[in-house]
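Biologist: Before we discuss the terms used for this protein, may I see its sequence and structure?

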Amino acid sequence: MSRITIEKATIQDEEALTNIKRKVFGAEKEKWLSYAEDVVDYNIQPPGYDSIEMGKYMIHELNYFKIFYQEVLVGGVIVTLEGKRHGRVDRIFVDSDYQGNGIGSAAIRLIEEKFPQVKSWELETSSRQLNNHAFYEKLGYKKVFESEDEFCYEKRLQLDATEEVETKEIHIQGDTLRQFDLSRLQVEQSNMTETDFYGINGSHSTFSNSNLKGAQFSNCNLSESRFQNINLKKSLIADLNLSHSEFAHVTFGGTYFHDTTLGEEGEPIIFERCVLKGCQFKSSNLIDVRLIDCETEGMRINNILVKDLLDAYEIVHKKR
């Protein structure tokens, strides 16, 4: 058996993997953020890194591999495949007790071998983690973007001769591209500002690592679509059918829900392990709403403390 190997993670692995993540990312916070406790850096401490439920979600939805060193579980690497030839290293972590043995480098190479069709890998790392910059550059990654808080890296691999796609001849009338078959076309590093798409069959298309700020999607069939690692801040999400959709590990701070129904089927929404502290429900139909094993301290109904209502119920119930 090779000294360093990777295997697909299973739900049963997540508790052990979460313990490693807590140790690794906790140490990274101590190393790079100890001087500024009020600084939030999601590359140093990724959202949900210490949550077993977040880990289970990633195992179920992403490509999550556990890393072994001499048959001992020492870390994990999580990747997302984006389209036909693009991949993203979402997260890689190695137990600090085993760092310095070439485990991270080997895991990255094993991932590249696992997905030979991917010809462009990307990732982000904190601007503060200077050792990470040298690590990725040694593996062939090139810096493509940097900000005060974050560096973005990309590694582009050569296409095999058999993978070269025949160039399609495209004719444009004025500013309109009309009735052309663009299926299986790769569009990369292109400026498409203010482009209009109308009457397009884009089923199973992929948009990744793209700036779509201010984009508009209307009268579109997006059923069975997947939105992951997306910045939807200040977006308008309206007049949508989201029946049977799933919202997992989403930040809703300041979000405004109004004039919303459960649709014709009337199937209830389920909130599980959600922090709704300080939320307000106004002029809403809450018939048959159930709270099970929830913290209700300070919760009010028509300005009456729920605790007082429950205490009154207990008094009346005992009298009976």
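**The sheet and its neighbours**

Modeller: In this predicted model, seven strands make up an open sheet, ordered β1-β2-β3-β4-β5-β7-β6, and their pairing is mixed.

Biologist: What makes β1 and β6 the edge strands?

Modeller: β1 (4-8) and β6 (142-146) each pair on one side only. Neighbouring strands of the sheet are turned against each other by 30° on average, with direction ignored.

Biologist: How do you know that β4 and β5 pair, and in which sense?

Modeller: Two strands count as paired if at least two bridges are found between them. Strand β4 (residues 86-94) and β5 have three bridges in the parallel sense, and therefore they meet that definition. In this pairing, H86 stands opposite S120 in β5.

Biologist: How many bridges join β5 to β7, and in which sense do these strands run?

Modeller: Seven bridges join β5 to strand β7 (residues 150-156), and the two run antiparallel. The cut-off is at least two bridges, so this is also a pair. S126 stands opposite E150 in β7, and E124 stands opposite C152 in β7.

Biologist: What makes strand β5 mostly covered?

Modeller: In strand β5 (residues 120-126), six of the seven residues are buried. Buried means under 20% relative accessible area, so six residues fall below that cut-off.

Biologist: Why is the unit of β4, α3 and β5 called right-handed?

Modeller: β4, helix α3 (residues 103-114) and β5 form a β-α-β unit. It is called right-handed because, with the strands pointing away from the viewer, the path from β4 over α3 to β5 runs clockwise.

Biologist: Which strands does α3 lie across?

Modeller: α3 lies across β1, β2 (63-69), β3 (72-82), β4, β5 and β7, and it runs at about 50° to β1.

Biologist: How do you know that α1 and α2 are in contact, and which residues meet?

Modeller: Contact requires heavy atoms within 4.5 Å, so the residues that meet have atoms within that distance. E14, E15, T18, K21 and R22 in α1 meet I52, G55, K56 and I59 in α2. The residues of this contact comprise two nonpolar, two polar and five charged.

Biologist: At what angle do these helices pack, and what is the handedness of their crossing?

Modeller: Helix α1 (residues 14-32) and helix α2 (residues 52-61) pack at about 115°, with their axes 9 Å apart. Their crossing is right-handed.

Note on methods
Residues numbered from 1 in each chain as written. Predicted model: local features only at pLDDT ≥ 70, side-chain atom pairs only at ≥ 80, totals over all residues. Heavy atoms only, no water. Buried < 20%, exposed > 50% of the residue type's maximum accessible area, 1.4 Å probe, protein only. Helix = DSSP H or I, 4+ residues; strand = E, 2+ residues; numbered from the N terminus. Axes fitted to C-alpha atoms, helices over the stretch in contact; angles between N-to-C directions. Left-handed = near helix turned anticlockwise from the far one by under 90°. Nonpolar A, V, L, I, M, F, W, Y, C, P; charged D, E, K, R; others polar.
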